[in-house]
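I opened the model to look up its ligand sites. My notes follow in the order in which I checked things.

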Amino acid sequence: MLTLAIQKSGRLNDATLKLLKGCGIGFVNGSKDKLKSTATNFPIKLLFLRDDDIPKCIVDKVADAGIVGENVYFEKGENLNISTKLGFAKCRLSIAIPKHFEYNSIKDLTNKRIATSHPKILDRFLNEKNIKADIHHISGSVEISPGIGLADAICDIISTGSTLLSNGLKEVDLVMKSEAVLISHPDLKADRKKVLNQLLFRLRAVKKAGNYKYILLNTPNDKIEQICEILPGMKSPTIMPLAEEGWSSLHSVIRKNDFWEKINNLKTAGAQGILVIPIEKMIM
Ligand code: ATP
Ligand code: MG
């Protein structure tokens, strides 16, 4: 049995549960106050915790693995493994300053007070840049600290920047990029490691599927070669004759991000009846 710690409520919770569901792992739905749950069809137990507490729980072997943002891992999780990146909760940890602050380079932060809930990451960042500043550790609402005179600048999580804007702040330096990661204890017993590897296999299949689409189209036979060049597929596309003489149906996969650009190329090359379908799992 593997114990996996996940966020009890917050930005990671929904996506984490959805991801586990996508891996075919079912849980009995308990009350919101529930702290533990056991999967009905996989040897895994869930612990619901605040994200900040997850790395320490793994270090202390209360849990074997957990799902947190990389920012929390680097702030709180010494000597654990990042088993895989999960591709959601993408954000960045950045330095931001009030709009009126005259800022030319990171040197302008010398001897300034910087409020953050990530003091360890900020300290490492400033040391690398040889900047001495006064790090003010607060646990939340970092963005309001310049406005209330608590700090000259902040180091905080940003995704769209709208919170900064509404607090009269502007982003000036990137400290790190972050996304959700599966972290684990480096020293797991063999049976737990086996379950972790099974979980990783499923997580990777679901994550990979999310990056691709399945595509079906009809093509004149004399255009197959040209269309195959646009769609190299996983190995090579599947081609089947249509009932109509001189035409084939071609099936392949396409990267989600390439999709609009390739659709235009395919139409220009003569493809018709193009269908693009989501893929649930992808195992290479
Ligand atoms: P907890 O109560 O568990 O301590 P929290 O308030 O510390 O939760 P959340 O705001 O739920 O944390 O954020 C959890 C993680 O989601 C962050 O550590 C970060 O990795 C990521 N995250 C935070 N803000 C954003 C955002 N605006 N967009 C995308 N991801 C974000
Ligand atoms: Mg937290």
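Predicted model: local features only at pLDDT ≥ 70, side-chain atom pairs only at ≥ 80, totals over all residues.

In Gln 7, a polar side-chain atom lies 2.9 Å from an oxygen atom of ligand 1. For Arg 50 I read 2.8 Å between a polar side-chain atom and an oxygen atom of the ligand. The side chain of Ser 159 has an N or O atom 3.1 Å from a nitrogen atom of ligand 1. I then looked up the cover: ligand 1 taken alone exposes 630 Å², and the protein buries 76% of that.

Next I asked where ligand 1 sits. I found it in the largest pocket.

I went on to the surroundings. I noted 17 residues around ligand 1, of which Arg 11, Arg 50, Asp 51, Asp 52 and Asn 71 come nearest. Sorted by class, this shell has 5 nonpolar, 7 polar and 5 charged residues.

Asp 51 has 18% relative accessibility and so counts as buried, because the cut-off is under 20%. Asp 52, at a relative accessible area of 27%, is partly exposed.

Note on methods
Residues numbered from 1 in each chain as written. Chains lettered and ligands numbered in written order. Heavy atoms only, no water. Buried < 20%, exposed > 50% of the residue type's maximum accessible area, 1.4 Å probe, protein only. Near = heavy atom within 4 Å. Polar contact = N/O pair within 3.5 Å; in protein donor to acceptor, adjacent residues only side chain to side chain. Areas by Shrake-Rupley, 256 points an atom, 1.4 Å probe, with all protein chains shown as cover. 1 Å grid on protein atoms, 1.4 Å probe; cavity = no way out; pocket = protein on both sides within 12 Å on 5 of 7 lines; lining within 4 Å. Sits in = over half its atoms within 2 Å of the grid points. Nonpolar A, V, L, I, M, F, W, Y, C, P; charged D, E, K, R; others polar.
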